[in-house]
Amino acid sequence: MRKLILLVFCMCLAVVVTACSDEKASSGNTNEVSMWVHTSNETAEGKAMQSLIDQFNEENEDGYKAKIEFIPRSGSGGGYEDKINAALTTDSLPDVLTLDGPNTAAYAEAGMIAPISDYISNKADLLPSIIQQGTYNDQLYAVGYSESGVGIFYNKKMLEEAGVDLATLPTVEEPWNWNEFMDLNETLINKYDQPAIDMGLKDQSEWLMYAFTPFLWSQGGNIVSEDASKATGFFNDENAVKAMSFIQEMVEKGYTTKTPVEKGFQTGKYPMMMTGSWTIAEMNSSYPDVDYGVMPYPTSPDTNELISPSGSWQYAMSATTDKEEAAGALIDFLTKTEALTKISIENSVLPAATSVIEEIREEVSPQMQVLIDQNSKTAHPRPVLPSYPKVSRTFQETISDVTYFEENQDIQKLLDTKSSQIDKALQ
């Protein structure tokens, strides 16, 4: 959290920096653009990015070249963000950089990144969630090069042994609601006498914001008002109470747990796990003998509206670059079908564009197909707010608090308090 606060502070400081530094990352050859990315060149993502930069340098007809620098991001957000912070104070940002989806508003509000809509040639092909997460004040500031999603992973053998007919399980076209989801959980704990699903409640991080907001949205609720001016009246309305009550009931009835066994789903202890697309690669490489499937999110029984989480890393142009055309050409190249397809396949991530879905659908596993289908039809990005880090932290604390059901039976009172805290963050 301290790093996030420092980032916002440094971004605000950058607005008043007017002198140009000799160390500016975009100095030098007027046709060569610098690019910083948050991953290592040894990862599948990094290798794909390097390959794409090499291709851009070979194929660009305007003589533009790009040089990529890999600055791995640590689990706590350090490394990459630390270098961004330092660059802000010395006016030495690169021409192009990567940033996480929820940071769009903060970066744009601070004058750190520039609008790029005029440079992107395939906006109509990009998924709506990609456009939404990269848009602030009606301007496109960043373009995601991949998507993400979460589903209910289930052990086929364990469900069958509990008497569940797999043919009756929900699909994206015919989803299920919270009550039906709870019925399945009840069946499974009666059979195995242990939690039926690991929902990641032990993870006190952005996961709680990312993975649990769809329950609120499916109920018809929201965290803040449409104009992002307040949370009171929204995050503490009857919809929020119902969503949080559902989550609390999952813990209170023992369907899930705040202290899951490590790798409980992977090793056959828990029959289900709420997790993301990244787990597919783990299952394939480390647990190939587990026969599993993926189901969509359960929906609110009041709305029956399927909503899933989304959002991932994006490309953006530094507001301080003096090579707008070259930087724009690079981002445009990196967000066209060929480049996005390469990232999706080599990094095992969800596609960011409709054309990419068509390209890779037959090449990915049935489990990935479910998540791609759910994402393309139901993805909902996290709020685009300059104060997002504080809002997210409060939401995370809310999820954590409701799991302590003995201390927080009065969910309305809890949400009244949390809404007031978010109101202060929005001011």
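Tyr292 is buried, at 4% relative accessibility. Buried means under 20% relative accessible area, exposed means over 50%, and partly exposed lies in between (1.4 Å probe, protein chains only). This is a predicted model: local features need pLDDT of at least 70, side-chain atom pairs count only at pLDDT 80 or more, and totals for chains, interfaces and linings use all residues. Residues are numbered from 1 along each chain as its sequence is written, and side-chain values use heavy atoms, with hydrogens and water left out.

**Overall build**

- The protein has 16 helices and 14 strands. Both are DSSP runs numbered from the N terminus: helices are H or I with at least four residues, strands are E with at least two.
- The radius of gyration is 22 Å, close to the 22 Å that the globule rule gives for 427 residues, so the protein is as compact as a globular protein of that length. The radius is taken over C-alpha atoms, and the rule is 2.2 Å times the number of residues to the power 0.38.
- The C-alpha trace spans about 70 × 50 × 35 Å along its principal axes.
- Of the 427 residues, 57% count as buried.

**Aromatic rings**

- The whole structure contains 15 aromatic pairs. Rings of Phe, Tyr and Trp (its six-membered ring) pair if their centres lie within 6.5 Å; planes under 30 degrees apart count as stacked, over 60 as edge-to-face and the rest as tilted.
- Phe153 and Tyr292 form a stacked pair, because their ring centres are 5.7 Å apart and their planes are at 5°.
- This pair links distant parts of the chain, 139 residues apart. Phe153 belongs to strand β8 (residues 150–155), and Tyr292 to strand β11 (residues 292–295).
- Phe153 is buried too, with a relative accessible area of 0%.
- Ring pairs also join Trp176, Trp178, Phe181, Phe212, Phe215, Phe246 and Tyr297 into a cluster.
- Trp176 sits in the loop between α6 (156–161) and α7 (178–192). Its relative accessible area is 5%, so Trp176 is buried.
- Trp176 and Asp291 are 115 residues apart along the chain, and their C-alpha atoms are separated by 22 Å.

**Charges over rings**

- The charged end of Lys83 sits over the ring of Trp36, 4.9 Å from its centre. The test is NZ of Lys or CZ of Arg within 6 Å of the ring centre and within 35 degrees of the ring normal.
- Lys258 lies over the face of Tyr404, at 4.7 Å from the ring centre.

**Spaces in the protein**

- The second largest pocket has a volume of about 490 Å³. A pocket is an open set of points on a 1 Å grid over the protein atoms alone, with protein on both sides within 12 Å along at least five of seven lines; a cavity is a set where a 1.4 Å probe fits but cannot get out; lining residues have an atom within 4 Å of a point.
- Grid points are joined across faces, edges and corners, and a volume is the space filled by probe spheres set on the points.
- The second largest pocket has 19 lining residues, and Glu226, Ala228, Pro383, Val384 and Leu385 lie nearest its centre. The elements that give two or more residues to this lining are α5 (128–133) and β5 (135–136).
- Its lining divides into eight nonpolar, seven polar and four charged residues. Ala, Val, Leu, Ile, Met, Phe, Trp, Tyr, Cys and Pro count as nonpolar, Asp, Glu, Lys and Arg as charged, and the others, Gly among them, as polar.
- There is one cavity of 30 Å³ or more. The largest cavity holds about 40 Å³ of space.
- Gly101, Pro102, Gln133, Ser310, Gly311, Pro381 and Arg382 line the largest cavity. By class, that gives two nonpolar, four polar and one charged.

**Residues to find in the model**

- Asn304 is not a glycine, yet has a positive phi of about 55°. Asn304 lies in the loop between β11 and β12 (308–309).
- Ser348 also has a positive phi of about 55° without being a glycine. Ser348 is in the loop between α12 (337–347) and α13 (354–360), and is partly exposed at 34% relative accessibility.
- Pro366 is part of helix α14 (residues 366–378). Pro366 is exposed, with a relative accessible area of 59%.
- Pro366 and Gly293 are 73 residues apart along the chain, but their C-alpha atoms are separated by 7.9 Å.
- Asn85 is in helix α3 (residues 80–90) and is buried, at 7% relative accessibility.
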